[in-house]
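Visitor: Could you walk me through this model, one question at a time?
Guide: Gladly, let us look at it together.

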Amino acid sequence: MDRPFIFINSAMSADGKLSTKERKQVKISGKLDFERVDELRAQADAIMVGIGTVLADDPSLTVKSPERKNARKAAGKSENPVRIIVDSAARTPLDADIFKKGEGLRIIAVSNSAPAEKIKSLEEKALIIKTGDLKVDLKELAAKLKQIDIDTLMVEGGATLNWGMLSAGLVDEVYTFVGNLIIGGKTAPTFTDGEGFTEAELLELELLSAEKIEEGMLLKWKVKGKKNEIIS
Ligand SMILES: NC(=O)C1=CN([C@@H]2O[C@H](COP(=O)(O)OP(=O)(O)OC[C@H]3O[C@@H](n4cnc5c(N)ncnc54)[C@H](O)[C@@H]3O)[C@@H](O)[C@H]2O)C=CC1
Ligand SMILES: Nc1nc(O)c(N)c(N[C@@H]2O[C@H](COP(=O)(O)O)[C@@H](O)[C@H]2O)n1
């Protein structure tokens, strides 16, 4: 495959929301689910989020457990996976937590229309990958990541990037932790926002597993492909 194995991991409320209508981060996962996410991070070569998530949450995307960090180091890796922001217009703040916390390579994926001055300042903090005219070309980005030995890529949202990756056919598996909350609000981000599929374009999934974790449910799905194109 000319791209990494790619999976999305997200936590959503029982009504499918990723955060509130004010785009405020909500603790949907409990302790055990955060442990599971930390293990996924520790096993991944890279973690990717959209700029919307950086502006809303200011995540560090680091591996939290000292044992997992040490295990990565013992395996000759950096203590954190490569941290990637998909940021067409190079809006990533220079004081973002992703730069301040933890060691390891950061990548900002920008489009060819991103302002040169901002790219120059970001270059001091991250490797810049340019693809696409106005918007990052996610397929080209995935191919470039594979070329730099990123074989497993974890996507941690948000709603728009999830749509971009799924609609480009770039996702192999989807892991959703469904927590015991109702968030509501028609403008609150859902697991997948973006333009949405028509009936003819729907993506079909195969359920790999369903596991109760504390007060929520972890669903693991394999992406089979466009419903109309699957030959069974
Ligand atoms: N509960 C959870 O597991 C998570 C929740 N969130 C929540 O999601 C919200 C952020 O989601 P969004 O605002 O949708 O932002 P997002 O994180 O999906 O970033 C979207 C941005 O990515 C950029 N982008 C560049 N090229 C793109 C392409 N080809 N396709 C798609 N996007 C591209 C665009 O600038 C776009 O505005 C926040 O409220 C955050 O708290 C985010 C991550 C995980
Ligand atoms: N798995 C999961 N469960 C939740 O309940 C969440 N709110 C999130 N949010 C994601 O985690 C990021 C924060 O990462 P750091 O703790 O800063 O490393 C946040 O930006 C969301 O992507 N995830």
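Visitor: Which exposed residues does the face of H6 turned away from its buried side carry?
Guide: This is a predicted model, in which local features need pLDDT of at least 70, side-chain atom pairs count only at pLDDT 80 or more, and totals for chains, interfaces and linings use all residues. Residues are numbered from 1 along each chain as its sequence is written, chains are lettered from A and ligands numbered from 1 in the order in which they are written, and side-chain values use heavy atoms, with hydrogens and water left out. Buried means under 20% relative accessible area, exposed over 50%, and partly exposed in between (1.4 Å probe, protein chains only). On the face of H6 turned away from its buried side, the exposed residues are Lys139 and Gln147.

Visitor: Within what arc do the buried residues of H6 fall, seen down its axis?
Guide: Helices (H or I, at least four residues) and strands (E, at least two) are DSSP runs, numbered from the N terminus. In H6, residues 138-147, the buried residues are Leu138, Leu141, Ala142 and Leu145. They line one face of the helix, because the arc, taken over the directions from the helix axis to the C-beta atoms, is within 100°.

Visitor: Which residue caps the N-terminal end of H6?
Guide: A polar contact is a pair of N or O atoms within 3.5 Å; within protein, one must be able to donate a hydrogen and the other to accept it, and residues adjacent in sequence count only if both atoms are side-chain atoms. Here a side-chain oxygen lies 3.1 Å from the backbone nitrogen of Lys139, and the residue that supplies this oxygen is Asp137.

Visitor: How much of the accessible area of ligand 1 does the protein cover?
Guide: A residue is near a molecule or strand if one of its heavy atoms lies within 4 Å of it, and of the 25 residues around ligand 1, Ala11, Ser19, Thr53, Thr160 and Leu161 come nearest. A backbone N or O atom of Ala11 is 2.7 Å from a nitrogen atom of the ligand, while one of Gly50 is 3.3 Å from an oxygen atom of ligand 1. By the Shrake-Rupley method with a 1.4 Å probe, ligand 1 has 860 Å² of accessible area on its own, and the protein covers 87%.

Visitor: Which element gives the largest share of the shell around ligand 1?
Guide: Strand E1 (5-12), helix H2 (51-57) and helix H7 (159-167) each supply at least two residues. The largest share is five residues, and these come from H2.

Visitor: Which element gives the largest share of the shell around ligand 2?
Guide: Among the 18 residues surrounding ligand 2, the closest are Val26, Ile28, Ser29, Arg41 and Lys64. A polar side-chain atom of Asp57 lies 2.9 Å from an oxygen atom of this ligand. E1, helix H1 (31-43) and H2 each give two or more residues to the shell. The largest share, three residues, comes from H1.

Visitor: What is the angle between the planes of Trp163 and Phe197?
Guide: Rings of Phe, Tyr and Trp (its six-membered ring) pair if their centres lie within 6.5 Å; planes under 30 degrees apart count as stacked, over 60 as edge-to-face and the rest as tilted. Trp163 is buried, with a relative accessible area of 13%, whereas Phe197 is partly exposed at 26%. Their pair is tilted, with 4.6 Å centre to centre and an angle between the planes of 55°.
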